[in-house]
Amino acid sequence: MTDPLFYILLGLSAMAAGAVNSIAGGGTLLSFPPLLRIMDAVYANGTSTVALMPGSLAGALGYRSELRDCWPLIRLLLIPSFVGGAVGSLLVTRLPPTVFAKLVPWLIITAAFLFLIQGPIKRLIAKGEHGPPSPLTTLAVVLGQFMIAVYGGYFGAGIGILMLSVLPFMGTKNIHETNAAKTVLAVVINGVTVIIFVAEGVVVWPYALAMAVAAIVGGYLGARFARKLPAIYVRVLVIVIGFTLGGYYLWKQFFES
């Protein structure tokens with residue numbers, strides 16, 4: 001399909017997806033459906049992932065001032081993010097799509113709920129904002145990040161929500177610092193996924209390149225805008241996006257064949 005109006009639609013969806021990814025994650029929900037109308041799901045997944053990768057990188061640059069404070073956390077989670085992303089993307093062509101698809105809504109809704117109760121949980125375990133995490137907490141976060149990366153490599157919608165529910169337990173100071181770490185780790189996950197999808201030949205390049213330009217603009221502007229918002233607004237937005245994503249996928253699972 002070469003209709004210019006369709007390219008405009010793809011560009012707008014990619015710009016919105018890039019902005020949403022830089023704020024809270026879930027941009028795949030905006031970029032994937034238009035592609036699914038004209039191509040196989042595996043190719044739509046590969047094309048969408050490649051298209052949103054530059055926007056994620058631009059979003060990381062938008063958080064450059066916060067990256068200095070959370071770099072030790074990013075360094076700790078680089079390897080599980082890379083390995084998990086590789087495993088997940090390889091599973092796309094090794095397992096039936098229904099295996100992971102059935103888990104998608106439950107993963108996202110659980111993550112949104114965890115983010116909703118994150119404050120009370122941190123107070124319950126009496127962890128100060130700046131206190132170092134215990135070895136058990138660190139191990140749990142590393143393993144959790146690996147599983148998130150596996151899911152991110154497989155499809156990816158909602159990995160931002162999942163990371164935002166886990167990373168604060170490592171002592172990030174505020175939502176913006178957590179967002180910065182999340183954005184960089186998403187770049188790592190998506191980066192290895194892109195390499196594998198390109199090697200497997202499941203990317204439709206004309207659409208991917210057109211969407212990538214729009215995603216760069218959306219990702220950078222979204223990150224800059226999010227940094228100027230009061231933390232409570234970003235938190236509410238994350239929760240709303242999480243439950244919206246989960247509800248959407250539940251509806252797809254139970255009411256569409």
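Which helix does T193 lie in? T193 lies in helix α10, and we'll come back to this residue below. What you're looking at is a predicted model, where local features need pLDDT of at least 70, side-chain atom pairs count only at pLDDT 80 or more, and totals for chains, interfaces and linings use all residues. Residues are numbered from 1 along each chain as its sequence is written, and side-chain values use heavy atoms, with hydrogens and water left out.

**The chain as a whole**

- The secondary structure comes to 12 helices and 0 strands; helices (H or I, at least four residues) and strands (E, at least two) are DSSP runs, numbered from the N terminus.
- Read along the sequence, that gives the pattern α-α-α-α-α-α-α-α-α-α-α-α.
- Of the 257 residues in the chain, 53% are buried. Buried means under 20% relative accessible area, exposed means over 50%, and partly exposed is in between (1.4 Å probe, protein chains only).
- The accessible surface comes to about 11,700 Å², and 74% of it belongs to carbon and sulfur atoms. Such areas come from the Shrake-Rupley method with a 1.4 Å probe, and for residues only the protein chains shown count as cover.
- Take the contacts between residues at least 6 apart in sequence: 84% of them join residues at least 24 apart. A contact here means heavy atoms within 4.5 Å.

**The largest nonpolar core**

- A nonpolar core is a set of buried Ala, Val, Leu, Ile, Met, Phe, Trp, Tyr and Cys residues joined through side-chain atoms within 4.5 Å.
- The largest one here has 64 residues, and Y151 and Y249 are the ones that touch the most other members. Helix α10 (residues 175–200) gives the most to this core, with 10 residues.
- Y249 is in contact with L29, V104, P105, I108, F155 and A157, if you leave aside its neighbours within four places in sequence.

- Helix α6 (residues 104–116) has 13 residues and reaches 18 Å from its first C-alpha to its last, close to the 18 Å expected at 1.5 Å a residue. The expected span is 1.5 Å times one less than the number of residues.
- Which residues of α6 are buried? They are V104, P105, I108, A111, A112 and F115. They cover an arc of only 135° around the axis, so they sit on the same side of α6. That arc is the one made by the directions from the helix axis to the C-beta atoms.
- Helix α8 (residues 135–154) has 20 residues and reaches 29 Å between its first and last C-alpha, close to the 28 Å expected at 1.5 Å a residue.
- The buried residues of α8 include Y151, G152 and G153. After α8 comes G156, whose phi is positive, near 105°.

- T193 has 1% relative accessibility, so it counts as buried. Not counting residues up to four places away in sequence, T193 touches T49, G85, S89, G152 and G153.
- T49 is found in helix α3 (residues 41–62), and its 11% relative accessibility makes it buried too. With the residues up to four places away left out, T49 touches N190, T193, V194 and F197.
- T28 is found in helix α2 (residues 28–36) and counts as buried at 9% relative accessibility.
- T28 and S48 are 20 residues apart in sequence, and their C-alpha atoms are 7.0 Å apart in space. Among the residues T28 touches are S48, F155 and G156.

**Aromatic pairs**

- Rings of Phe, Tyr and Trp (its six-membered ring) pair if their centres lie within 6.5 Å; planes under 30 degrees apart count as stacked, over 60 as edge-to-face and the rest as tilted. By this rule there are 3 aromatic pairs.
- The rings of F6 and Y207 have centres 6.0 Å apart and planes at 80°, so this pair is edge-to-face. F6 lies in helix α1 (residues 4–23) and Y207 in helix α11 (residues 205–227), so the pair ties together parts that are 201 residues apart in sequence.
- Both F6 and Y207 are buried.
- F32 and F155 also form an edge-to-face pair, at 5.0 Å centre to centre with 80° between the planes. F32 is buried, with a relative accessible area of 13%, and F155 counts as buried at 14% relative accessibility.
- F6, Y7 and Y207 form one aromatic cluster.
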